[in-house]
Amino acid sequence: MRNDEIAKQEAAARELLQALTRLSRDVHASPDFLAQVMARADAMPQPRRRLRHWLAVGAWWPDAPVLRWGAAVVFFFALIGAIPQYATWITAYIWDIPAATIHEARVQHHLWKKNFACATQLDGNASNYVALTNEHANVVVWTCPSGDVLVTIQPLKAPAAQRYVWIGLEDAAVAEQRAAAFVSEALAAEKSLRSEQRAVPVVRVLCQRWLPKHLIKRRVKFSDGRCQDEVINSRNGKITQREEATCEAACEWLVKKP
Amino acid sequence: MDWSQHKACDEAVQREIARGDFRRALEVLVHGYQHFIVSFCTHMLGETAQGEEVAQNVFLAAYNAMPAFRQQAAVRTWLLAIARRQCFKALRDSQRRRHLEQAQRNAIATAVHCVPPTSPEHDPEVQLRRVRQSLLQLDQEERALLMMRYDADVSLADIAVMLRISPASARRRLVRALRHLREVLGDAER
C-alpha cells in the first residue's frame with residue numbers, strides 16, 4: 001500500500017475530511033467536568049512509582065518496537081542462561097557455605113560417603129595413620145585403601161575450629177587446592193612438622209553414623225584418653241556440635257535416633 | 001484542531017509527571033484535553049452523556065498510568081491510546097452496545113429522513129452532521145482510526161505504534177476506513 005493511495009482517497013473525500021477535522025469542535029465538556037474528575041481522583045489512592053515503573057520507563061529501554069523486542073529477547077535469554085548461577089546461589093544459601101565452594105562441598109560429601117567405613121576404622125596404631133604437630137596445629141592424616149586421604153586439622157589455639165578435609169585422588173584439582181590451602185596455613189613449618197611427631201589428639205574413632213542433612217556423628221578418642229562426641233558437616237568438614245562422652249565403643253546413638 | 005496550543009500543556013504534564021506530582025499533572029491534563037477527549041468519546045459511543053462519563057474514566061486511567069508514562073511519548077498520543085481502550089471497553093459493555101445500536105438506528109433514520117439527498121453538499125454544517133452520523137455506522141476500529149488520524153491529527157507512524165501494527169498495515173486500514181466511510185455516505189466511486 002503506497003502513500004499515493006491514501007492521497008487519492010483523501011482527495012476524493014476532501015469535504016468529508018474537512019468535516020472530520022472539525023468533529024471535536026462541536027462537542028464540549030460540561031463546565032464542572034474538571035471538578036468532577038478531580039473529585040473522583042481524590043477519592044482514589046494516589047498512584048505511586050514502583051520499581052517496575054522505573055524499569056519500564058528507563059532511558060535504556062529503546063523506543064523502536066523492533067529494538068524493544070530485541071532487547072526483551074536478549075534480556076529473556078540472559079535470565080534463562082543465568083539459571084545455573086541462581087541455582088548455585090540458592091544451594092549455597094541453603095547449605096550455608098560460600099557459593100564459590102559448592103563444587104568442593106559436593107566433592108567432600110561424596111568422599112565422606114565413599115570412605116565412610118574407612119573413616120570409622122581410624123586407628124592411631126595403624127601404618128596408614130600419620131600424626132604431625134607443630135606450634136600451630138595438630139594434623140592427622142589417615143589414608144584409605146581407595147587412595148583418598150582424610151586430613152584432620154586442629155589449630156592448637158582454637159581447638160573448636162577443627163576441620164576434616166578429604167583429599168580425593170580422583171579429583172586432582174580439588175586435591176591440589178585443598179593441599180595448597182591447608183598445607184600453607186596449618187602446616188607452614190613443614191620442616192619442624194616432619195621432624196617433630198608428637199602426641200596427637202584423635203587416635204581412634206569408636207563409632208560413627210550418618211545423621212539427616214548431610215551430618216555425621218562420631219565418637220572419637222584422644223591420645224590423652226578423653227572421648228568426645230562430635231557432629232561433622234560433611235560438606236565443609238566443620239564440627240557443628242561437640243560434647244564430652246564416655247569412651248564406650250557401644251554408642252547409644254548408633255541405635256537410638258539422636 | 002490547532003495542536004500547537006497544547007504544546008505548553010503537554011510540557012507541563014510531562015514536567016509534573018517527572019516531578020512525581022501526579023495530581024497536579026492530572027489537573028493540567030484535564031484542563032488541556034477535556035473538550036477533545038469528551039468529543040472523542042462522544043463520537044465513539046454516540047451519546048454525549050456516556051461520552052462524558054467515559055471521558056472521566058479516561059482521565060482517571062491516565063492518572064493511574066502516570067507512574068509508567070514514558071517521557072519520550074507524546075501526551076496526546078498516550079492519552080488517545082487510553083481513550084481508545086476505554087471507549088472499546090465501554091462499547092463491549094452489553095448495555096452500552098444496546099444504546100449504540102439504538103443510536104445507530106436513529107442515526108440511519110435521521111440520515112435517511114432528515115438529511116435529504118438534495119441538501120447542499122458543500123454546506124460545512126450539513127457535511128459535519130452527516131459525517132458524525134455516518135461514523136456511528138462504521139466499525140469501532142475504523143471509527144477510532146479516522147478520528148485519531150483526522151480529528152486528533154495523529155501521524156500514521158504514531159497510530160501504528162499505538163495499535164502495535166506496522167505502518168503499512170496502518171495505511172491499509174486507513175484507506176479501508178476512508179473507503180467505508182465514503183460508501184456509507186454514498187460518495188464512493190463505483
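This is a predicted model: local features need pLDDT of at least 70, side-chain atom pairs count only at pLDDT 80 or more; totals for chains, interfaces and linings use all residues.
Residues are numbered from 1 along each chain as its sequence is written, chains are lettered from A and ligands numbered from 1 in the order in which they are written, and side-chain values use heavy atoms, with hydrogens and water left out.

Let's start with the interface. On the chain A side, 43 residues are in contact with 55 residues of chain B, contact meaning heavy atoms within 4.5 Å. Together the two chains bury about 4900 Å², with 60% of it on carbon and sulfur atoms; buried area here is the accessible area (1.4 Å probe) that two parts lose on being put together, summed over both.

What about charge pairing? Side chains of opposite charge can pair when their charged atoms come close. A salt bridge is counted when a side-chain nitrogen of Lys or Arg lies within 4 Å of a carboxyl oxygen of Asp or Glu. Searching the whole structure turns up ten salt bridges over all chains. D42(A) sits in helix α3 of chain A and R23(B) in helix α2 (residues 22-45) of chain B, so this pair joins two chains. Their closest N and O atoms are 2.6 Å apart, and the count between chain A and chain B is one salt bridge.

Helices (H or I, at least four residues) are DSSP runs, numbered from the N terminus. Axes are lines fitted to C-alpha atoms, for helices over the stretch in contact, and angles run from 0 to 180 degrees between N-to-C directions. By class, the contact of α3(A) with α3(B) splits into seven nonpolar, three polar and three charged residues.

Now for packing inside each chain. In chain A, the axes of α6 (residues 83-95) and α7 (residues 102-114) come within 10 Å and cross at roughly 55°, so α6(A) and α7(A) are oblique too. T88(A), T91(A), A92(A) and W95(A) in α6(A) meet I102(A), A105(A) and R106(A) in α7(A).

In chain B, the axes of α4 (residues 75-92) and α7 (residues 140-151) come within 11 Å, crossing at roughly 155°. That makes α4(B) and α7(B) roughly antiparallel to each other. Among the residues of this contact are L80(B) and F88(B) on α4(B), with A144(B) and M148(B) on α7(B).

Note on methods:
Angles under 35 degrees count as roughly parallel, over 145 as roughly antiparallel, 65 to 115 as roughly perpendicular and the rest as oblique. Ala, Val, Leu, Ile, Met, Phe, Trp, Tyr, Cys and Pro count as nonpolar, Asp, Glu, Lys and Arg as charged, and the others, Gly among them, as polar.
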